[in-house]
Amino acid sequence: MKNAHRKFLSAATLAGITLLAGCGNANTITFWNPLTGDDGAYMDALVAEYNETDPEFPVESVITADMYTKIYTVMNSGKDIPDLTLIHADRVPQFADLDMLEPVEGLMATNTDLTADNYLEVAWNAGNYEGTQYTVPLDIHGNAMYYNTDLLDKYDANTFLEDDVVTIEEILSLDGKLDEGQYAINNALIEWVALANVVNVGGDISDEAGNPTINTDAMRTVVEQLKSVADAGLMSPYGEDGYAMFQAGDVLFSTDGTWTSTAHGSVEGLNFGVTNIYSVTPDKFTNRSSAHLFSLLNNEDRTDEKEQGVADFLSWMRENSIDWAGAGQIVASKEVFESEEYQQYPQSFFTSSDVEKEASYIFDYKYYSYVESALATVLSDMIYGNITIDEGLEQAQKTVEDLIAENAS
């Protein structure tokens with residue numbers, strides 16, 4: 001096994017932190033974010049630590065479950081627009097097309113450390129739309145594959161990890177070898193697995209004209225391969241919680257998220273490591289990813305002085321976001337992910353080499369969220385044989401086309 005693979009057996013500790021709320025004022029940077037889980041507590045702790053430095057403009061973190069709905073509301077009204085937001089990568093094209101985002105060149109000019117050279121390339125590029133930089137990245141977060149080290153030993157499957165690419169063929173080689181009630185792979189975030197593998201076989205989710213491309217030979221090939229694993233009885237059963245089955249020690253590989261390393265680490269007796277998402281081909285692997293990105297909504301009331309305060313906060317975050325790794329995120333700051341301290345975290349595997357960095361893939365299709373949602377609706381039914389692959393892909397394609405047409409109207 002390569003040194004890049006690591007085993008993580010200890011639990012992460014998370015302190016409870018009171019969530020902030022409020023509208024802010026002229027002397028406060030109002031910071032909206034959608035971090036409603038444990039990651040929100042980590043963010044609030046970082047904000048509190050920054051405020052202890054006594055900045056001219058302290059930051060007020062406002063965790064908002066329906067943040068995107070509220071963003072559209074305040075942008076339409078022109079009132080109560082936050083000074084700073086944390087958005088997902090797939091929102092950048094939409095917001096930019098609607099002229100909702102202010103480019104960050106002003107922040108970069110005043111704080112020259114806010115530059116592409118200081119961040120993970122894929123995270124920085126996620127905020128660039130049609131040649132304009134609209135965001136400063138906080139992290140990459142996405143699909144990861146955890147493996148149960150005890151089960152790999154039991155079934156003599158450690159060789160699967162030697163080239164960093166676990167393949168469908170290797171998974172199928174376990175057919176007939178597993179004890180009853182144990183499975184090679186679960187179905188966690190299976191739509192992300194499918195999307196990553198479409199990239200692996202040279203496909204995409206849209207064409208050059210911006211039309212969705214779900215009902216394609218590439219997607220069909222991927223679904224057929226996933227179905228072969230389910231047909232062999234090697235995938236956790238339809239309708240059952242494969243994530244929980246992994247934590248119970250009955251699944252070799254779990255395809256959930258980078259952030260779930262903290263949850264896995266809290267399970268007593270669960271010995272696990274992390275690697276790339278399994279692939280339908282031995283030649284390429286891809287980890288479908290997204291990013292949390294700091295952005296400025298267009299706001300005429302935000303002063304130059306407050307914008308400088310935002311830049312100062314982002315510069316501080318670039319230098320001090322090691323604690324964000326505790327939330328299971330791939331920290332985008334080069335100063336952090338290259339540090340010795342960061343190497344203790346499972347997700348450091350995904351920045352351990354140039355090949356790993358390049359494997360994190362963020363779709364930049366404007367209607368990505370439609371594609372993911374439509375595929376998720378039918379994918380399990382196709383994999384487990386409840387509907388044919390042709391039926392499922394036709395349905396997903398039409399759903400996305402209809403949503404795009406509705407959006408255009």
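This is a predicted model: local features need pLDDT of at least 70, side-chain atom pairs count only at pLDDT 80 or more; totals for chains, interfaces and linings use all residues.
Residues are numbered from 1 along each chain as its sequence is written, and side-chain values use heavy atoms, with hydrogens and water left out.

Strand β8, which spans residues 135-142 (strands being DSSP runs of E with at least two residues, and helices DSSP runs of H or I with at least four, numbered from the N terminus), is mostly covered, as eight of its eight residues are buried, that is, under 20% relative accessible area with a 1.4 Å probe and protein chains only, where exposed means over 50% and partly exposed in between. Strands are taken to pair if DSSP finds at least two bridges between them. Strand β8 runs antiparallel to β13 (residues 287-297), to which seven bridges join it, and also antiparallel to β14 (residues 330-331), through two bridges.

Two residues other than glycine show a positive phi, namely Asp54, near 60°, and Leu189, at about 45°. Asp54 lies in the loop between α1 and β3 (59-63) and counts as exposed because its relative accessibility is 67%. Leu189, in the loop between β10 (183-185) and α8 (190-200), counts as partly exposed because its relative accessibility is 24%.

Helix α1 (residues 38-51) contains Glu49, which counts as partly exposed because its relative accessibility is 33%. Glu49 gathers with Glu52, Asp323 and Glu341 in a patch of negative charge on the surface; such patches are made of residues with over 30% relative accessible area and no salt bridge, like charges being joined within 9 Å and nonpolar side chains (Val, Leu, Ile, Met, Phe, Trp, Tyr) within 5 Å. A salt bridge is a side-chain nitrogen of Lys or Arg within 4 Å of a carboxyl oxygen of Asp or Glu.

Conventions:
Accessible areas come from the Shrake-Rupley method with a 1.4 Å probe; for residues, only the protein chains shown count as cover. Lys and Arg count as positive and Asp and Glu as negative; His and the chain ends are not counted. The place of a charge is taken as NZ of Lys, CZ of Arg, CG of Asp or CD of Glu.
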